[in-house]
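Good morning, and thank you for coming. Please look at the sequence and the model while I speak.

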Amino acid sequence: MGCSRIGSTRVAIVVALTTILASCTSLPRSGPDHKDVDRDAAVKVTTKERRVGIDYALVDLSKNVLSYFTAPQPTSFKGFGGGRGGAPEIPLGYGDVVQVAIFEAQSGGLFIPSDAGSRPGNYISLPEQTIDRNGTITIPYAGRVPAAGRLKETVEQDVEDRLASRAIEPQVVITTTTSRSSQVAVLGDVNNPQRVQISPAGERVLDVISAAGGLTTNNIETNVTMQRRGKTATVAYTTLLKNPAENIYVAPDDTISIDHERRTYLALGAAGVSGRFDFEESDLTLGEAIAKAGGLRDDRADPAQVLLYRLVPKKTVQAMHVDTTRFAGEMVPVIIRANMRDPATLFAVQQFKMEDKDIIYISNSDSVELVKFLDIVNSVSSTVSGVADDANDTRNAVQDLGN
C-alpha cells in the first residue's frame, strides 16, 4: 500500500514538473522559441491544418510495380547517322577559301595561249577566293557558280560543263586552302574549348573532344550532348567509350557540349548515416543506395516503412491505372514504400533503379517512440528524486550546524 502511495506521488510530481518545464521560457536555447516566432510574426502564411498541402501518391514496391520504374532509356547518337562505314564527305561552305585550277588539253584554247607551245602543264591557277554569303564563287567565262553546300567534285563538274563550249576539253580542280565552314564547336567541361577543324579523313565525337584537350572532370557522371540542325541527343561519356556505335562521325556546324552532372540522393530518418550521397557509379539501385547510407539502424528503423520520394511522369502513374485528376502538371509526387520485412523485397530493391535527387526516408519503429517517452519520464522522475534527496541533505546539514 505504501509503495502504491509513493508511486502515485512520484507520478504526480513528474506530471507537475513536466507541466512547469513545458511553460518555462528561461531554459537555455540555441535560438528563438517557436512560440515566440509564431506569436510575433507580422504576417502568417500557414495552412489551416498545418499541412504542406502537396498531394502525392503512395505506391507499394512489388513485382508488378517494378516494370513501371525501369531505368529510363538514354538517347542515342545513332539517329544522326555516320556510325559505320567511311568518313562522310564534307561539302564546301560559306567562308571557305578555295583555289581553282583549270586545265586544257592543248594550247590555243580559252585559257592557254597559242604561243604556250609544249610547256609542261597546260593550266592556269585562278587567285584564291572566298565563297561569299550567296554561296558562290566566280569563274571567268563561267560566271557565278554555286558552291556552298555542294561537294567539291560536283562544283568541279559544273564549272567544266559551263566551259565545255569555249575551252579545249577543260578539267577543273578545286582546292580548299582555308576551311571555315567545316568546324565543330566543343564546349563545356573540356580543357580547351574551341572550334575543331574537320579533316577529309573524318573525326568522330571522341576525336574532337580529345582535340579540345580532353575532359576536366571524371568520366563517370559526364554527359556528351550533340546538337545538329535542330536535333539534340545526350549520351553518357562512358557509353561512348564502351559502345563504338555511339562514337559517330561529326559533321560541320555540330555543337558538342560536355557537362559533368553530379547525381545525388538524400538518406534521412533511421538510416545508418543520414546525409547527401553521390551516385559515383553509372547506375545505382535502391538496395545499393540504402547500403551506401549505412543500411537500416537495428535500434530504430521500421523495416516495413522504407520510403522513396520521387517526382514521376504523369504518364507513368496513369499506366499503373492511378487516377491523376488531382495532380496538375506533368510530374506527380510519388512515395514508393518498400517492406523490407518481406524477404522478396530484397530482390526488388536490387532491381529498382535510383534517379538523381531521390529521397530515401526510413521511418522509426513505433517501439522507438515509446522508448523515447519512457526515457523522458525516467529522466524527469530521477531528477525529482535527486532534488528531494539534495534538499533533505541540505536541511540536515543546517540542523547540524545549528547544534
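Predicted model: local features only at pLDDT ≥ 70, side-chain atom pairs only at ≥ 80, totals over all residues.

Is aspartate 356 buried, partly exposed or exposed? Aspartate 356 is partly exposed, because its relative accessible area is 27%. In this scheme, buried means under 20% relative accessible area, exposed means over 50%, and partly exposed lies in between, with a 1.4 Å probe and protein chains only.

Residues are numbered from 1 along each chain as its sequence is written, and side-chain values use heavy atoms, with hydrogens and water left out.

Let us stay with aspartate 356. Its side chain meets that of lysine 357 in a salt bridge, at 3.0 Å from N to O. A salt bridge here is a side-chain nitrogen of Lys or Arg within 4 Å of a carboxyl oxygen of Asp or Glu. Lysine 357 is exposed, with a relative accessible area of 51%, and is placed in the loop between helix 9 (345–349) and strand 17. Helices (H or I, at least four residues) and strands (E, at least two) are DSSP runs, numbered from the N terminus. The phi of lysine 357 is near 75 degrees, a positive value in a residue other than glycine. Most residues other than glycine have a negative phi. Histidine 321 also has a positive phi, near 65 degrees. Histidine 321 is found in the loop between helix 8 (314–319) and strand 16 (331–338), and counts as exposed at 74% relative accessibility.

Two strands are said to pair if DSSP finds at least two bridges between them.

Strand 1 and strand 16 run parallel and are joined by four bridges, with alanine 57 opposite valine 334 in strand 16. Strand 15 and strand 16 are antiparallel, over eight bridges, and here valine 334 is the bridge partner of arginine 310. Strand 15 (residues 301–313) also pairs with strand 17 (residues 359–364), in the antiparallel sense over five bridges; valine 306 stands opposite isoleucine 362 in strand 17.

Arginine 310 is buried, with a relative accessible area of 7%, and its side chain forms a salt bridge with that of glutamate 355 (3.6 Å, N to O). Arginine 310 lies in strand 15 and glutamate 355 in the loop between helix 9 and strand 17, so the pair ties together parts that are 45 residues apart in sequence. Glutamate 355 is partly exposed, at 30% relative accessible area.

How many salt bridges does a search of the whole structure find? The search finds 12. One of them joins arginine 162 and aspartate 158, with the closest N and O atoms 3.1 Å apart. These two residues are about one helical turn apart, because they are separated by four residues in helix 4 (residues 152–163). Arginine 162 counts as partly exposed at 33% relative accessibility, whereas aspartate 158 counts as buried at 16%. Both belong to a network of salt bridges that also links Arg150.

Strand 10 (residues 222–228) and strand 12 (residues 255–260) are antiparallel over six bridges, and glutamine 227 has threonine 255 in strand 12 as its bridge partner. Leucine 187, in strand 8 (residues 183–188), and isoleucine 258 are 71 residues apart in sequence and 6.2 Å apart in space, C-alpha to C-alpha.

Thank you for your attention.
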